[in-house]
Amino acid sequence: MALEHALLVSLSERAGSGYELARRFDKSIGFFWSATHQQIYRVLKRMEEHGWVSSEAIAQEGRPDKKVYTVSDDGRAELARWIAEPTDDVGPLRSELGVKIRAAAHGDLAALCAEVARHRDQHAQRLELYRLMEKKDFSAPDRLTGTALYQYLVLRGGIRVESGFVEWCDEVLAGLRGALPPSLPTDPEATAPQPDSVIER
C-alpha cells in the first residue's frame, strides 16, 4: 500500500484540508499506516497532479484560505483497483524483539526483560486507547452499518492485535524471569499480576 491509498480512504470518508488529514492520521488511520505531516502534504500535491483528488480554496476569516481536497472519479477508480488487488500483509513477519528473545541465551537476561517490559507497556497503552475509542465511538456495534461498521471492524482488529501482543509479552516475561539466575535480583512488583493485564486468570 502507498500513502496515496490511505489518503484516498480518509478523503472518501470526509473531504478535508492537509492539516485536517494530518490530524485524522494522528487519531485513526495513522495507527495502521504512519506518515508525517510533511509526507501527507507532499503526497496530496502528487495526487492532485495525477488527478486523483481535486482541491478548492475555502476562505477563512482572519486566516489564509484553506485548501480542501475531495476524491475525483479517477481517485475513486484507483481506490477500487487497489482494494481488489492482493495484499502483502501475509508476507514474512519481521520482529527485532522476537529475534532478540530467540538469542536470549547469549545476552543479558535482565536487560532483555526490561526491553520486553517496555514493549509490553507501550502496547498496553495503545490497547487502552483503542478500548476507549471503542467505548466512545462505537457504543452500539450491533447497529453499525456502512463506513462506521468498517471503521469499527478495523478498530477491533487493532484491539485483538494489541491484546495478543500484551499477552505474549506477559508469557515471555514469565519465561525469561523463570530462567534468570538466582543471583540476579527480580522486582516482585514486576512479576506480580498487573491490574491492567489483558490476560484472564
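What follows is a list of stops, each with something to select and a note on what is there.

Before we start: this is a predicted model, where local features need pLDDT of at least 70, side-chain atom pairs count only at pLDDT 80 or more, and totals for chains, interfaces and linings use all residues. Residues are numbered from 1 along each chain as its sequence is written, and side-chain values use heavy atoms, with hydrogens and water left out.

**Stop 1: the largest core**

Select Leu 7, Phe 25, Ile 40, Leu 44 and Met 47. These have the most contacts inside the largest nonpolar core, which has 20 residues. A nonpolar core here is a set of buried Ala, Val, Leu, Ile, Met, Phe, Trp, Tyr and Cys residues joined through side-chain atoms within 4.5 Å. Buried means under 20% relative accessible area, exposed over 50%, and partly exposed in between, using a 1.4 Å probe and protein chains only.

Now colour α1 (3-13), α2 (18-27), α3 (37-50), β3 (63-71) and α4 (73-84): each supplies at least two residues of this core. Helices (H or I, at least four residues) and strands (E, at least two) are DSSP runs, numbered from the N terminus. The largest share of the core, five residues, comes from α1.

Click on Leu 7 next. Setting aside neighbours within four places in sequence, Leu 7 is in contact (heavy atoms within 4.5 Å) with Leu 21, Phe 25, Ile 40, Val 43, Leu 44 and Met 47. There is also a second, separate core of 12 residues; Leu 97, Cys 169, Val 172 and Leu 173 are among them.

**Stop 2: where α1 meets α2**

How do the axes of α1 and α2 cross? They come within 11 Å and cross at roughly 100 degrees. Axes are lines fitted to C-alpha atoms, for helices over the stretch in contact, and angles run from 0 to 180 degrees between N-to-C directions. That makes α1 roughly perpendicular to α2; the label covers 65 to 115 degrees, while under 35 is roughly parallel, over 145 roughly antiparallel and the rest oblique.

To see the contact itself, pick Leu 3, Ala 6, Leu 7, Ser 10 and Leu 11 on α1, plus Leu 21, Arg 24 and Phe 25 on α2.

Stay with Ser 10 of α1. Is Ser 10 buried or exposed? Ser 10 is buried, at a relative accessible area of 2%. Not counting residues up to four places away in sequence, Ser 10 touches Leu 21, Arg 24 and Ile 29.

**Stop 3: the sheet**

Switch to the strands. An open sheet of three strands runs in the order β1-β3-β2, with antiparallel pairing; two strands pair if DSSP finds at least two bridges between them. β1 (16-17) and β2 stand at the edges with a single partner strand each, so one side of each has no neighbour in the sheet.

Seven bridges join β2 to β3. For one of the bridges, select Ala 57 and its partner in β3, Lys 67. Bring α3 back into view: α3 packs on the sheet, touching β2 and β3, and its direction makes about 120 degrees with that of β2.

**Stop 4**

Ser 17 sits in β1 and counts as buried, at 5% relative accessibility. Ser 54, in β2 (residues 53-60), is partly exposed, with a relative accessible area of 34%. Finish by drawing a line between the C-alpha atoms of Ser 54 and Tyr 69: these residues are 15 residues apart along the chain, and the atoms are separated by 5.6 Å.
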